[in-house]
Amino acid sequence: MIVLAVASGTSADGLDVGAVRFARDELDPATLVADVLDTWTDPWPPGVRDDVLALLPPATTTAAALCAADQAVGQAVAGAARAALERVPGVDLVVSPGQTVFHDVRDGVCLGTMQVGQPAWAAEATGLPVVSDLRARDVAAGGHGAPLAGVLDRLWLGGDDVRVALNLGGIANVTVVGPGVQAPAHDTGPANCLLDVVATRALGRPYDADGALAASGRVDERLLARLLAHPYFALPAPKSTGRELFSAAWLDDVVDGEPWPDVAATLVELTAVTVADAVAPHRPREVVASGGGTANPVLVAALARRLGDVPLVTSDAHGLPADGKESVLWALLGWLAWHQVPVSTGPHPARVLGRITPGHAPVVLPPAGEAPRRLVVGSPQLTEVVAR
Ligand SMILES: Nc1ncnc2c1ncn2[C@@H]1O[C@H](COP(=O)(O)OP(=O)(O)O)[C@@H](O)[C@H]1O
Ligand SMILES: [Mg+2]
């Protein structure tokens, strides 16, 4: 089965597209083989990103604006999915998790989470079934619906050694995997989202390319201490967060006239400290990083320094492209939804996640099979050689 994922993260920087071919290993059906056929990022159609950002807290909005964004994101996903079908033949299923516009966590409990991006547009444009709404059921079952990365990380990196999977998106999340490890995947706090705010203000650019602004500043220890005083960092896992908590308004409250380069340098250090604090107690063999933050050399250097003797590698070392790993996660969640495999994100009950919008043909689900216990990343080239 070939699954096509089209998704946008907290950063809302573009549409990450990924096509993954999944097959159960013939000799061991508990092993799911994933061939990453292609991953890339499409830009948003003009205006959509601004319309999405205009919805985010602390802005207030209207039902009309929410409705418009739901269609605009859904249509953008539909356009990207349709174009992807030209590039990757044989797609069976589309996954569209949508754009998160609100993630409502209070007193450690997730009360709701809202994504926009009406999936009917992609179903109409591609004729294929579309899996969407991958978070809500986990929330209803007592979870946070986020981060979902642990579902992939445990199948992919689980083995004899303790490892930490780290995604540096708008928000950073970690999953500790290894023998006997029970810790739930959780968000550690901001990675790029506040840096992007500073880059927009200081440079008029959407992000601090290659960390140039941060590299020109110095870490301000007093500012760092004030940032670290945010109550989120002291909360126990499982926990999740978003732009509601780590907003431009919060940054404005904490920053006290420090120059932008120092603010950027200090935000980089904030990410490095909070990730390293989450990693340290587990003494892993390595940290396996992915997400846009891995393209920021200043962030990677700060993190490596704070991790001390724990090696930092990117997910490429384990077969998944650092800038496309999230697409593989969404594709996997789509495959699991289609095969009705319950998914666990914490101590609450595992549930089948997602909602299916039929394509042009009626939905006929395969028989619910055994839950995969491991995911092996295959090589498309190798598979082709074997097939020949
Ligand atoms: N060359 C780069 N230099 C610095 N930062 C980068 C670079 N490339 C990407 N990023 C950062 O990565 C972010 C996007 O990361 P991504 O993993 O897509 O996050 P999300 O899942 O939240 O959308 C951008 O907003 C930017 O901050
Ligand atoms: Mg992104």
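Which strands does α2 lie across, and at about what angle does α2 run to β1? Helix α2 lies across β1, β2, β3 (31-42) and β4 (93-96), and runs at about 145 degrees to β1. Helices (H or I, at least four residues) and strands (E, at least two) are DSSP runs numbered from the N terminus. Axes are lines fitted to C-alpha atoms, for helices over the stretch in contact, and angles run from 0 to 180 degrees between N-to-C directions. Contact means heavy atoms within 4.5 Å.

The model is predicted, with local features requiring pLDDT of at least 70 and side-chain atom pairs counting only at pLDDT 80 or more, while totals for chains, interfaces and linings use all residues. Residues are numbered from 1 along each chain as its sequence is written, chains are lettered from A and ligands numbered from 1 in the order in which they are written, and side-chain values use heavy atoms, with hydrogens and water left out.

**The seven-stranded sheet**

Seven strands make up an open sheet with mixed pairing, in the order β13-β7-β4-β1-β2-β3-β14. Two strands pair if DSSP finds at least two bridges between them. At the edges stand β13 (355-357) and β14 (374-378), each of which pairs on one side only. From one strand to the next, the twist averages 30 degrees. Within this sheet, β1 (residues 2-7) and β2 (residues 15-24) are antiparallel partners over six bridges, and L4 stands opposite A19 in β2. Helix α12 (residues 325-338) also packs on the sheet, touching β1, β2, β3, β4, β7 (130-132), β13 and β14, and its direction makes about 50 degrees with that of β2.

**The five-stranded sheet**

A further open sheet has five strands in the order β10-β9-β8-β11-β12, again with mixed pairing. Its edge strands, β10 (186-190) and β12 (312-314), each pair on one side only. Direction ignored, neighbouring strands of this sheet are turned by 25 degrees against each other on average. Strand β11 (residues 286-290) pairs with β12 in the parallel sense over three bridges, and T314 in β12 is the bridge partner of A289. Helix α10 (residues 260-279) packs on this sheet, where it touches β8 (163-168), β9 (171-177), β10 and β11; the direction of α10 makes about 160 degrees with that of β10.

Strands β5 (residues 99-106) and β6 (residues 109-116) pair in the antiparallel sense over seven bridges, with T100 opposite Q115 in β6. Two residues lie between the strands of this hairpin, and D107 takes a positive phi near 50 degrees there. This is a positive value in a residue other than glycine.

The peptide bond from P57 to P58 is cis, with omega near 10 degrees; P58 belongs to the loop between α1 (48-53) and α2 (63-87). Another cis peptide bond joins A146 and P147, with omega about -15 degrees. P147 is placed in the loop between α4 (136-140) and α5 (149-157).

**The surroundings of ligand 1**

Ligand 1 is surrounded by 18 residues (a residue is near a molecule if one of its heavy atoms lies within 4 Å of it). The closest are S11, G170, D196, D210 and G292. By class, this shell has four nonpolar, ten polar and four charged residues. Here Ala, Val, Leu, Ile, Met, Phe, Trp, Tyr, Cys and Pro count as nonpolar, Asp, Glu, Lys and Arg as charged, and the others, Gly among them, as polar.

Polar contacts with the ligand (pairs of N or O atoms within 3.5 Å) include those tabulated below.

| Side chain | Atom of ligand 1 | Distance |
|---|---|---|
| D13 | oxygen | 2.9 Å |
| N192 | oxygen | 3.4 Å |
| D196 | oxygen | 2.6 Å |

Of the 580 Å² of accessible area that ligand 1 has on its own, the protein covers 88%. Accessible areas come from the Shrake-Rupley method with a 1.4 Å probe.

Terms used: Polar contact = N/O pair within 3.5 Å; in protein donor to acceptor, adjacent residues only side chain to side chain.
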